[in-house]
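Below are some notes for a colleague who is looking at this structure for the first time. They are meant to be read with the model open alongside.

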Amino acid sequence: MKELKIINKNIEDIKEYENNAKEHPDWQIEQIANSINEFGFNDPIAINADNQIIEGHGRLLAAKKLGLSEIPCIVLTGLTEVQERAYIIAHNKTTMNTDFDLDRLQYELNALKVEDFDLGLTGFSEYEIEKLNYSALDEIKENDYSSFSNEVNKNSSTFAVTLQFKKENEKEVTDFIKENGKDEIIRIILNEIGGKNA
């Protein structure tokens, strides 16, 4: 295995891959910039011999937002042009192929909260963190309501349910929640349960 050396490059010399398919909205660039400010630039940008980015487009945009003049890079050599294009996709996709262990994640976030650490710097939104703070987390499969009563806190008059949706439906679902609120979602679920039990 080849040794990878980190070198500092003038930010103006780094070129973006013009057909990079990974989106980097402003809010994400803000998150990356905040992370760099808090933890440092600990994840060098990978470039080829022509200073074109192979992975690290979001970090480059965050560095520009922060006004950095130099950024740490590693030069990847030995890849064909086809391999470079494939790796750009693979690097982004493979990081998205698994989810978190929710119990361990909740434990780690709570430990950080006890230390008064800004949880926003973890990349999670306030809404996502709030969901993790429920005492009971139920995984509900599509059209399967049998587990609604599982692991309910017997000393509480309420219980929590986690609904999972396909990523492709994210915008539709979030727009619905914003427009209708949780009460309408509860009404739909209860009506569906009633219909199935009729």
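Predicted model: local features only at pLDDT ≥ 70, side-chain atom pairs only at ≥ 80, totals over all residues.

1. Leaving aside its neighbours within four places in sequence, Glu-55 is in contact with Pro-44, Ile-45, Ala-46, Tyr-87 and His-91. With one of these residues, His-91, there is also a polar contact, made between the two side chains at 3.5 Å.

2. Is Glu-55 buried or exposed? Its relative accessibility is 9%, and because burial is taken to mean under 20%, Glu-55 counts as buried. The residue lies in strand E3, which leads on to the sheet.

3. Strand E3 (53-55) belongs to an open sheet of four strands, arranged in the order E1-E4-E2-E3 and with mixed pairing. Strand E1 (6-10) and strand E3 are the edge strands, each of them pairing on one side only. From one strand to the next, the twist averages 50°.

4. The pairing of strand E2 (residues 45-47) with E3 is antiparallel and runs over two bridges; Ile-47 has Ile-53, in E3, as its bridge partner. Helix H2 (residues 57-66) packs on the sheet, where it touches E2, E3 and strand E4 (70-75), and the direction of H2 makes about 115° with that of E3.

5. Which residues have the most contacts inside the largest nonpolar core? They are Ile-14, Ile-45, Leu-60 and Ile-71, in a core of 15 residues. Helix H1 (26-39), E2, H2 and E4 each supply at least two residues of this core, and the largest share, four residues, comes from H1. In soluble globular proteins, nonpolar side chains tend to be buried together.

6. Ile-14 deserves a separate look: leaving aside neighbours within four places in sequence, its contacts are Lys-9, Ile-47, Asn-51, Ile-53, Leu-60, Ile-71 and Cys-73. Among them are Leu-60 and Ile-71, which are also listed with Ile-14 as residues with the most contacts inside the core.

7. For the protein as a whole, there are six helices and six strands, and from the N terminus on these elements run β-α-β-β-α-β-α-α-α-β-β-α. Of the 198 residues, 26% count as buried. Among contacts with a separation of 6 or more, 70% are accounted for by residues 24 or more positions apart. The accessible surface comes to about 14800 Å², and 49% of it belongs to carbon and sulfur atoms.

Definitions and conventions
Residues numbered from 1 in each chain as written. Heavy atoms only, no water. Pairing = 2+ DSSP bridges. Axes fitted to C-alpha atoms, helices over the stretch in contact; angles between N-to-C directions. Contact = heavy atoms within 4.5 Å. Buried < 20%, exposed > 50% of the residue type's maximum accessible area, 1.4 Å probe, protein only. Polar contact = N/O pair within 3.5 Å; in protein donor to acceptor, adjacent residues only side chain to side chain. Core = buried A, V, L, I, M, F, W, Y, C linked by side-chain atoms within 4.5 Å. Areas by Shrake-Rupley, 256 points an atom, 1.4 Å probe, with all protein chains shown as cover.
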